[in-house]
Each structure stands twice: as structure tokens, then as C-alpha cells.
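Thanks, everyone, for making time this morning. I would like to walk you through one structure, so please have a look at it before I start.

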Amino acid sequence: MHSSYCPNFRGQLCLRPKPARGDASKAIALPEAQKEGGIPLIEAISKRRSDREFSSQELPLPLLSNLLWAAYGVNRPDGHRTAPSALDAQEIVVYAALPSGAYLYEATAHQLQLVASSDLRNITGYQDFVDGAPLDLVFVADYSRMKLVPASLRESYASVAAGAISQNVYLFAAGNGLATVIRAWIDREAIANALGLTHDHQVLLSQTVGYPKG
């Protein structure tokens with residue numbers, strides 16, 4: 001993990017991005033997601049668990065496509081998503097930190113848009129496994145989309161929405177032989193800076209996904 005200690009921040013560990021591995025495409029068009037089949041829901045629930053040991057093997061693009069669609073893709077012609085949000089604000093923005101760079105998931109176009117051409121996986125959390133796993137998802141609340149929600153409720157509403165997306169990832173992982181864990185022990189300021197977020201955005205959670213180790 002690339003890091004150093006910051007004397008101006010009470011000795012907290014500062015996390016730094018690493019050079020990207022390979023050439024980062026400006027946009028990655030994802031193949032159409034598979035929306036049928038899979039194991040029964042009750043079986044996926046029975047297999048749902050958190051894992052903290054991951055293989056470094058990268059996820060094939062079709063599998064990544066299915067995962068992102070299951071997490072927060074568009075599942076109806078009117079633009080509604082696979083996870084709920086109050087007043088259909090769709091305030092959660094999903095970023096995917098990959099070895100080749102960090103990408104914004106654009107659900108309507110079902111594609112990944114490059115936002116940082118560095119490997120940001122190691123700054124998405126303090127645990128040692130985060131920069132070895134092939135994918136770290138970051139869930140960000142965009143409060144500019146929540147103008148109809150009272151300001152005092154926006155963070156709690158957004159956190160519920162992020163939790164629903166996280167559970168979609170858990171169930172997809174359980175049904176497809178993947179390992180995953182949601183993480184709240186993260187440097188939100190470092191992540192926000194690396195992704196170029198504005199004051200209207202708040203980093204809520206990260207989630208690591210990959211094949212089980214061994």
C-alpha cells in the first residue's frame with residue numbers, strides 16, 4: 001500500500017494513488033447485462049457473506065457488466081434503477097476503481113467513463129486487501145440531486161440507498177462465486193480528492209469485489 005504519515009493530521013495515515021496498470025481507456029462500453037437466469041434468490045441470500053481475502057485475478061468484462069447493472073443499473077424503460085432512492089432522486093453515484101484507473105458508472109448508457117488515470121484502489125480503504133483485489137466500488141452521494149429532500153435528512157436517505165446497492169452487490173457475488181465486503185473505514189477526503197468531487201458530493205462507503213483467494 002502506497003502511504004505516508006501526515007504530521008498535520010494527528011498522525012493519520014495518508015493514502016496515495018499508484019500508477020495505473022495498462023492503458024486507461026477514456027470510456028469502456030460494457031456488454032449488455034445478462035438479466036435472466038442465475039441461482040434462486042433465497043439461495044443467494046443463504047450464501048451472502050463478507051470476505052476479506054481476494055484473488056488478484058481481474059474480472060472479465062461481461063461479469064463486470066453484469067455486476068454493475070445488478071448493483072445500480074437501469075431495469076425499466078422509464079429509467080428507474082435496480083436499487084431504490086427516495087423521490088427517485090438517484091443520488092448515489094457509483095465509481096469503479098480498477099487497475100487501469102477509476103471510472104464513473106453511467107447507468108443510462110451502461111458504460112464506464114474515466115475520471116482518474118491512476119490506480120486508486122489503495123486509497124479506497126486502510127485494509128491491506130483493498131489494493132490487491134481487482135475492483136473497489138465507491139458509493140458517493142450527490143446532494144445536488146436531492147433538492148426536494150430536507151437537508152437534515154439527505155445523508156440518512158442517501159445512506160439507505162447506498163446500503164441497498166451494496167446488498168445488490170452482495171447477492172450478485174453470492175450467486176456468481178465472487179467475494180465481497182462493504183467498508184466504512186475509509187479516508188473519505190482522500191477519495192474525494194482523487195475522484196475530483198465537489199462540495200455537493202459525499203463519499204459514503206466502499207465495497208471490494210473479486211474472486212475468492214485460493
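I will begin with the whole protein, then turn to one helix, and finish with a pocket.

What you see is a predicted model, and the values I quote are computed from it. The protein has 214 residues, of which 50% are buried, and its secondary structure consists of four helices and 11 strands. If we take the contacts with a separation of 6 or more, 72% of them come from residues 24 or more positions apart. The accessible surface is about 10700 Å², and carbon and sulfur atoms account for 51% of that.

Now to α2, which runs over residues 61-72. How many of its residues are buried? The count is 10 of the 12, so α2 is largely enclosed by the rest of the structure; among the buried ones are L63, L64, W69 and Y72. The cover over these buried residues includes the strands β5, β6, β7, β9 and β11, together with the helix α3.

That brings me to the largest pocket, which holds about 550 Å³ of space. It is lined by 17 residues, and the closest to its centre are G37, G38, A70, F172 and N176. Helices α1, α2 and α3 each supply at least two lining residues, with α3 giving the most, namely four. By class, the lining has seven nonpolar, eight polar and two charged residues.

Terms used:
Residues numbered from 1 in each chain as written. Predicted model: local features only at pLDDT ≥ 70, side-chain atom pairs only at ≥ 80, totals over all residues. Heavy atoms only, no water. 1 Å grid on protein atoms, 1.4 Å probe; cavity = no way out; pocket = protein on both sides within 12 Å on 5 of 7 lines; lining within 4 Å. Points joined across faces, edges and corners; volume = space filled by probe spheres on them. Nonpolar A, V, L, I, M, F, W, Y, C, P; charged D, E, K, R; others polar. Buried < 20%, exposed > 50% of the residue type's maximum accessible area, 1.4 Å probe, protein only. Contact = heavy atoms within 4.5 Å. Areas by Shrake-Rupley, 256 points an atom, 1.4 Å probe, with all protein chains shown as cover.
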